[in-house]
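Okay, thanks for coming, everyone.

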Amino acid sequence: MSNQPQAKSLRDVLLIHELTFFLLVILAGTAGVIGMRIWDQSSQESQRIHLMVQEIQQTRGDLYRQMKELFDLHFLKDPQAQEEYNVYTLSIDTHFRKLLKLTADSQEKSAIMELNASYQDLIQETQHIFALVEDYNNAELEKVLNTHLESSIFHHYEIISARAERLLLLKHSELSARLEDVKHTAFTLLIIPIGLALLLLLFSHIFLKRAIVRPIRNVLHATSEISAGNLDHKAPEEGVAELAALSSAINSMAHELTHSQEALVRSEKQAALGLLVPMLAHNIRNPLASIRATAQVADNTHLDQETRDSLTAIISTVDRLDRWTRALLAYLHPLKPHASATTLRQILQGALAPLQQKIQEKQISVQLPDWQDMNDRMLTDENLLEQALYNLLLNAVEASPQSSEIAIDCDIAEDSLHITISDQGPGMPFTPDPHAASPGPTTKRFGTGLGIPFAFKVMEALSGHIHFNHRVKGGTTTEIILPRDYQSE
């Protein structure tokens, strides 16, 4: 089993690439949104502080003008001073209400309320002065206004107002410092996606070169080499899964072309040998018969055991050579069936018996017909049909992948048998022609051997038929139709 990591498919790589870019876009967008949101919040906070400072200053300005109206009322006897004084009182109250709405925390609220309380003290004091204004002469009234009201209460208000302004200015300074930090943070957050995008671009360049461009160049070179006749050239199986599979398919094609080339040479040699076999078989069998007869005559009980064993071995070898010669001639000469009563079950068992080792090695499951209550008796040439079924089953076993299944079905009618052999192999690249001069193109399953042509010849001799069909789910189905009672002509 290979320990190499499985190559990712091009589709997976593109998906990862797109997801990475999508995440980078999200990261950059998030950084921008966070920066804009913080900047907006800081801007609103800065505007709020500015408005509060402005309101405090406007309150101070109105207070100064209100005090002026107080002096005008008492010293200049301005008849409209009292009315103007009351207008400024309402305006200052409005400023304080706006300031309380603008406060953001308890510290600010406490400072504004303290300032408002100081102002209320000042108002109460002026009301007291208004109530006793008849009891004072001008000198005494001026002294009260200058010393008690302006120097004490108004001065206290100025101190509280300045303290509130310092609080707001301090917050504004902190806000400015925070805005600088936000600028640096936003810049960093934007730099990170840009840097990652550049790294991804560099990685994509390296990956495309190693996983796509170079494998494609190797595939093109391999096709050129194979087209030029260099079938031993191999395309490196590297890169993304699709290109690795393409390289593997090209290598398999070159391998199959090599076998096809070799099989073509063998086919041409067999065609030439087909003309010589009958003559050679005749010239070989005569000397073999003489050798066997001589060995039989020489065998004598007076000879030592070693000599007799050698003579027996000679006879056995000659018989084996004679059987091989007759088997070779069986394809070149017309078959002469010898019908006998048998059963299809017995013939299939005989055909499968020599294949048991191959079946067990490939862990193939062979599904046999349900023989129970089946009348499979027939009159045919048991040896010829067994050899034909053996060749067809051998092809099915060799074509079947590991741990697959071969199904053998049988449909018995009154005067015929319909046998079906289905495998899960790669399927046939051609349809064998029973009337062709040669077996057909060479593949692993249908080589230059005589298995299928011999089966055609047996079916023809037994008045049967063979059909080869492609299975929808892959593989080949071989259909055999035979008469139950063979009648020789």
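Quick definition before we start: a polar contact is a pair of N or O atoms within 3.5 Å, where within protein one must be able to donate a hydrogen and the other to accept it, and residues adjacent in sequence count only if both atoms are side-chain atoms. Also, this is a predicted model, with local features needing pLDDT of at least 70 and side-chain atom pairs 80 or more, while totals for chains, interfaces and linings use all residues. Numbering runs from 1 along each chain as its sequence is written, and side-chain values use heavy atoms, with hydrogens and water left out.

At its start, a side-chain oxygen of Asp 381 comes to within 3.2 Å of the backbone nitrogen of Asn 383. Of the 18 residues in α9, 13 are buried, so the rest of the structure largely encloses it. Buried here is under 20% relative accessible area, with a 1.4 Å probe and protein chains only.

Now the rings. Phe, Tyr and Trp rings (six-membered for Trp) pair if their centres lie within 6.5 Å; planes under 30 degrees apart are stacked, over 60 edge-to-face, the rest tilted. How many aromatic pairs does a search of the whole structure find? Two. Phe 96 and Tyr 119 have ring centres 5.8 Å apart and planes at 40 degrees, so that pair is tilted. Phe 96 sits in helix α2 and Tyr 119 in helix α3, so the pair ties together parts 23 residues apart in sequence. Then Phe 456 and Phe 468 pair edge-to-face, 5.9 Å centre to centre with 75 degrees between the planes.

How values were computed. Buried means under 20% relative accessible area, exposed over 50%, partly exposed in between (1.4 Å probe, protein chains only). Helices (H or I, at least four residues) and strands (E, at least two) are DSSP runs, numbered from the N terminus.
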